[in-house]
Amino acid sequence: MIDQLIARIEAAAGISPDAARNALGSILEFLQKEAPELSKTLFSHFPGAQDLIAGANQMAGGGLSGLLGNFLGSIGGAGGDIMALGAKLLGQGLSMDQAKTVAGEVLDFARKEIGEEHVDALIQKIPGLSQIL
């Protein structure tokens with residue numbers, strides 16, 4: 001299941017399998033942090049989600065994007081966190097368009113796996129998420 005999503009992300013965003021895996025892990029981590037109860041349903045369809053999150057965290061380096069992500073995340077609230085996620089994805093080498101494509105693929109996949117109502121609830125729970133889609 002995860003491999004299918006990684007392949008979809010790779011093809012849609014035009015990125016390598018490793019980049020797709022790292023971006024997916026970063027997005028799953030963000031969802032888990034911002035909406036833990038709602039993400040449980042999603043994660044039940046993503047065996048290996050925690051491994052992806054751990055792998056993305058290993059790849060998250062320092063540098064300007066890491067510092068920017070830490071700063072934006074420290075602003076507080078989901079607004080800062082969504083900006084920190086964007087900085088993290090950009091720090092992984094994705095363009096803004098690629099980051100949006102990856103997020104869109106994840107949510108499209110989630111809609112098919114757990115249903116529209118769960119994804120809508122997730123989007124409602126996380127302010128700013130709809131803006132990056």
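Trainee: Is Glu116 buried, partly exposed or exposed, and at what relative accessibility?

Mentor: This is a predicted model, in which local features need pLDDT of at least 70 and side-chain atom pairs count only at pLDDT 80 or more, while totals for chains, interfaces and linings use all residues. Residues are numbered from 1 along each chain as its sequence is written, and side-chain values use heavy atoms, with hydrogens and water left out. Buried means under 20% relative accessible area, exposed means over 50% and partly exposed lies in between, with a 1.4 Å probe and protein chains only. Glu116 therefore counts as partly exposed, its relative accessibility being 41%.

Trainee: Which residue forms a salt bridge with Glu116?

Mentor: A salt bridge here is a side-chain nitrogen of Lys or Arg within 4 Å of a carboxyl oxygen of Asp or Glu. Asp108, Arg111 and Glu116 are linked in a network of such bridges. With its closest N and O atoms 3.0 Å apart, the partner of Glu116 is Arg111.

Trainee: Why are Glu37 and Lys40 separated by about one helical turn?

Mentor: Glu37 and Lys40 meet through their side chains in a salt bridge, at 3.4 Å from N to O. Glu37 is exposed, with a relative accessible area of 57%, and Lys40 also counts as exposed, at 53%. They are separated by about one helical turn because their spacing in helix α3 is three residues.

Trainee: Which residues is Ser39 in contact with, leaving aside its neighbours within four places in sequence?

Mentor: Ser39 has its place in helix α3, which covers residues 36–43. Ser39 is buried, with a relative accessible area of 2%. Taking contact to mean heavy atoms within 4.5 Å, and leaving aside its neighbours within four places in sequence, Ser39 touches Leu31 and Gln32.

Trainee: What percentage of the residues of the chain count as buried?

Mentor: The chain holds eight helices and zero strands. Of its 133 residues, the share that counts as buried is 44%.

Methods: Helix = DSSP H or I, 4+ residues; strand = E, 2+ residues; numbered from the N terminus.
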